[in-house]
Amino acid sequence: MELSFITAGQIVNTHGIRGEVKVLPQGVEPELLAECSTLYIGEKPCRLMAGRVHKGCLLAKLEGVDSMDAALALKGRSVSIRRLDVQLPEGEYFDQELVGLTARDADTGEELGKVEEVLTYPAHKIYVVRGGRDEYLVPAVPAFIARIDVPGETMDIHMMEGLGTHAD
């Protein structure tokens, strides 16, 4: 799905006494967040004055957030980025863009269901496809993914034995 904003994480805590916040990324690499010049909290743009990655999180200094109390007021808030502000390498997408795509068998064109969730594991991501006669856990690797067409809202999958779990 083509989105204007991508949910990129959540402010989980403060860091230090000068107003830094700790952002736990969700479906986005923390290094990518650190490169953004503007983060959005709610629909309000907040300029990223400084950001660094620490233990898988982004420690961010936001414009106008100058004290621990101001940072604490943001705890629990969702952080988004504007999709047009980020250029991903060809063939890469944000997890949020893939949820809702119609999954099809690459050979037959048979509809398998919808991508309902993207799970992240150390080796690679897994696309959870539900809504057809089976549930499929599809590794996000070229051997399984034939084509992703976000504007066309489809994902073509190379079906292999054992991929689905029959729901009887």
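Colleague: Which residues touch the most other members of the largest nonpolar core?

Modeller: Val21, Leu33, Leu39, Leu62, Ile81 and Phe94, out of 24 residues in that core. This is a predicted model, where local features need pLDDT of at least 70, side-chain atom pairs count only at pLDDT 80 or more, and totals for chains, interfaces and linings use all residues. Residues are numbered from 1 along each chain as its sequence is written, and side-chain values use heavy atoms, with hydrogens and water left out.

Colleague: What makes a set of residues a nonpolar core?

Modeller: Its members are buried Ala, Val, Leu, Ile, Met, Phe, Trp, Tyr and Cys residues joined through side-chain atoms within 4.5 Å. A second, separate core of 16 residues includes Leu98, Tyr127, Val129 and Ile148.

Colleague: Why is His124 called partly exposed?

Modeller: Its relative accessible area is 27%. Buried means under 20%, exposed over 50%, and partly exposed in between (1.4 Å probe, protein chains only). So 27% makes His124 partly exposed.

Colleague: Which residues does His124 touch, beyond those up to four places away in sequence?

Modeller: Leu119, Pro139, Ala140 and Val141. Contact means heavy atoms within 4.5 Å.

Colleague: What makes S11 and S12 a pair?

Modeller: Strands (E, at least two residues) are DSSP runs, numbered from the N terminus. Two of them pair if DSSP finds at least two bridges between them. Four bridges join S11 (residues 145-149) to S12 (residues 154-157), so the two strands pair. They run antiparallel, and Arg147 stands opposite Asp156 in S12.

Colleague: What lies between S11 and S12 in the hairpin?

Modeller: Four residues. Glu153 in the turn has a positive phi of about 60°.
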